[in-house]
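Here is a short report on one protein chain. Take a look at the model first, then read on.

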Amino acid sequence: LILNVAKIQEMLIDKLVYPLYHLDFEATNKAIPLFKGAKPNQFFVYQFSVDIEPKKGKVVHHEYLHLKKNDPRREVAERLVKVCGEIGSITVWNKS
């Protein structure tokens with residue numbers, strides 16, 4: 001299998017819509033669920049950072065770390081939706 005990396009990059013870049021939201025997040029899972037409605041070994045996000053890159057101008061950084069002892073899922077999701085606008089592309093790097 002031979003990949004044309006340059007062509008793939010070109011195709012992806014042409015599809016990006018500004019602003020770009022560069023998202024990084026941290027998640028964990030527990031064998032014994034910590035919260036009502038969670039399942040064993042279900043991952044949940046407790047921290048994120050987003051760098052918002054406009055077509056022109058400066059990149060703006062946002063971050064959130066859930067420090068409370070309660071279930072972080074709703075609050076993390078609501079804050080992430082608030083930070084990310086309705087227009088734009090989200091990029092995420094994931095290495096497992």
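Buried means a relative accessible area under 20%. By that cut-off, Phe35 is buried, and Phe44 is buried too. The model is predicted.

## Fold and overall form

The protein chain has two helices and four strands. Along the sequence they come in the order α-β-β-β-α-β. The radius of gyration is 17 Å, well over the 12 Å that the globule rule gives for 96 residues, so the protein chain is more spread out than a compact globule.

The C-alpha trace tells of the extents. Along the principal axes it spans about 45 × 40 × 15 Å. Contacts can be sorted by sequence separation. Take those in the protein chain with a separation of 6 or more: 55% of them join residues 24 or more positions apart.

## Surface and charge

Of the 96 residues, 17% count as buried. The protein chain exposes about 8100 Å². Carbon and sulfur atoms supply 59% of that area.

The protein chain carries 15 positive and 11 negative charges.

## Aromatic pairs

The structure holds two aromatic pairs. Phe35 and Phe44 form an edge-to-face pair. Their ring centres are 5.3 Å apart, with 80° between the planes. Planes over 60 degrees apart count as edge-to-face. Both Phe35 and Phe44 are buried.

Phe48 and Tyr64 form a tilted pair. Here the figures are 6.0 Å centre to centre and 40° between the planes. Which parts of the sequence does this pair tie together? Phe48 lies in strand S2 (residues 44–53) and Tyr64 in strand S3 (residues 60–65), so the pair ties together parts that are 16 residues apart in sequence. Phe48 is buried, as is Tyr64.

## Ser89 in strand S4

Ser89 lies in strand S4, which covers residues 89–92. Is Ser89 buried or exposed? Its relative accessible area is 12%. The cut-off for buried is under 20%, so Ser89 counts as buried.

Which residues does Ser89 contact, once its neighbours within four places in sequence are left aside? The list is Lys15, Leu16, Val17, Pro19, Leu20 and Tyr21.

Note on methods:
Residues numbered from 1 in each chain as written. Predicted model: local features only at pLDDT ≥ 70, side-chain atom pairs only at ≥ 80, totals over all residues. Heavy atoms only, no water. Buried < 20%, exposed > 50% of the residue type's maximum accessible area, 1.4 Å probe, protein only. Contact = heavy atoms within 4.5 Å. Rg over C-alpha atoms; globule rule 2.2 N^0.38 Å. Areas by Shrake-Rupley, 256 points an atom, 1.4 Å probe, with all protein chains shown as cover. Lys, Arg positive; Asp, Glu negative; His and termini not counted. Charge placed at Lys NZ, Arg CZ, Asp CG, Glu CD. Phe/Tyr/Trp six-rings, centres within 6.5 Å; stacked < 30°, edge-to-face > 60°.
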